[in-house]
Amino acid sequence: MDILGWSLIIILFIIGMAGTIYPILPGVVAIYGAFFVYGFFFSFSEFGVFFWIIQTLILVVLFVADYAVSAWGVKRFGGSKASIVGSTIGLIFGPFVIPAFGLIIGPFAGAVIGEMISGKNFEHSLKVGWGSLVGLFTSVVVKIILQLLMIILFILWLVF
């Protein structure tokens, strides 16, 4: 039973980290779920209220930052709400339409199309598309750092 429990925890951590790159995966929710798997298979007694407060705060920050940082990139480069929506749609559907490069092309194309629909010129739309990529990559870096922090805190909580 121990092997099954630890296997599920590790799988959830891997899915969580993969979710930083591939947005269709649950990301931080998988990592958070791994803590419950540990509790069900082993014990919740190692985790006090402070552990759950810290991990839940990181979870909330990640949800907010995921949208806010991407939107910041678009806004910082002069994008409108249409380009934010387009970038988000491209982020979700891009990897399915163009499997190898859709994660990058999707948000870029979505932001450019959103800006073009809102009446902006092509040069400005390209600039906003670039901003969507800056926001996307910044968001990925923030997610990687915070999700690794969640996993490290989990390990430290068990060791100490």
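Buried residues make up 41% of the 160 residues in the protein chain, where buried means under 20% relative accessible area, exposed means over 50%, and partly exposed is anything in between (1.4 Å probe, protein chains only). Before going further, please keep in mind that this is a predicted model, in which local features need pLDDT of at least 70 and side-chain atom pairs count only at pLDDT 80 or more, while totals for chains, interfaces and linings use all residues. Residues are numbered from 1 along each chain as its sequence is written, and side-chain values use heavy atoms, with hydrogens and water left out.

Let's begin with the overall picture. The protein chain has 6 helices and 0 strands, and its pattern along the sequence reads α-α-α-α-α-α. Helices (H or I, at least four residues) and strands (E, at least two) are DSSP runs, numbered from the N terminus. The C-alpha trace spans about 60 × 30 × 15 Å along its principal axes. Of the contacts in the chain with a separation of 6 or more, 66% are between residues 24 or more positions apart; contact means heavy atoms within 4.5 Å.

Now to helix α1, residues 2-18. Gly5, Ile9, Phe13 and Gly16 are the buried residues of α1. They cover an arc of only 70° around the axis, so they sit on the same side of α1; that arc is taken from the directions between the helix axis and the C-beta atoms. On the other side of α1, Ile3 and Ile14 are exposed. The buried residues of α1 pack against α2 (28-41) and α6 (122-159).

That brings us to α2. With 14 residues, α2 reaches 20 Å from its first C-alpha to its last, close to the 20 Å expected at 1.5 Å a residue. Its buried residues are Val28, Ala30, Ile31, Tyr32, Ala34, Phe35, Val37, Tyr38 and Gly39, and what covers them includes α1, α3 (49-76) and α6. Gly33 also lies in α2, but Gly33 is partly exposed, with a relative accessible area of 21%.

Gln147 is buried, at a relative accessible area of 2%.

Next comes a helix pair. The axes of α4 (residues 81-97) and α5 (residues 102-117) come within 6 Å and cross at roughly 150°. That makes α4 roughly antiparallel to α5, since angles over 145 degrees count as roughly antiparallel, under 35 as roughly parallel, 65 to 115 as roughly perpendicular and the rest as oblique. Here axes are lines fitted to C-alpha atoms, for helices over the stretch in contact, and angles run from 0 to 180 degrees between N-to-C directions. Residues of α4 that meet α5 include Gly86, Ser87, Gly90 and Gly94, and among their partners in α5 are Gly106, Pro107, Gly110 and Gly114.

Finally, look at Ser87 in α4. Ser87 counts as buried at 9% relative accessibility. Beyond its neighbours within four places in sequence, Ser87 is in contact with Val74, Pro107, Gly110, Ala111 and Ser132.

Conventions. The expected span of a helix is 1.5 Å times one less than its number of residues.
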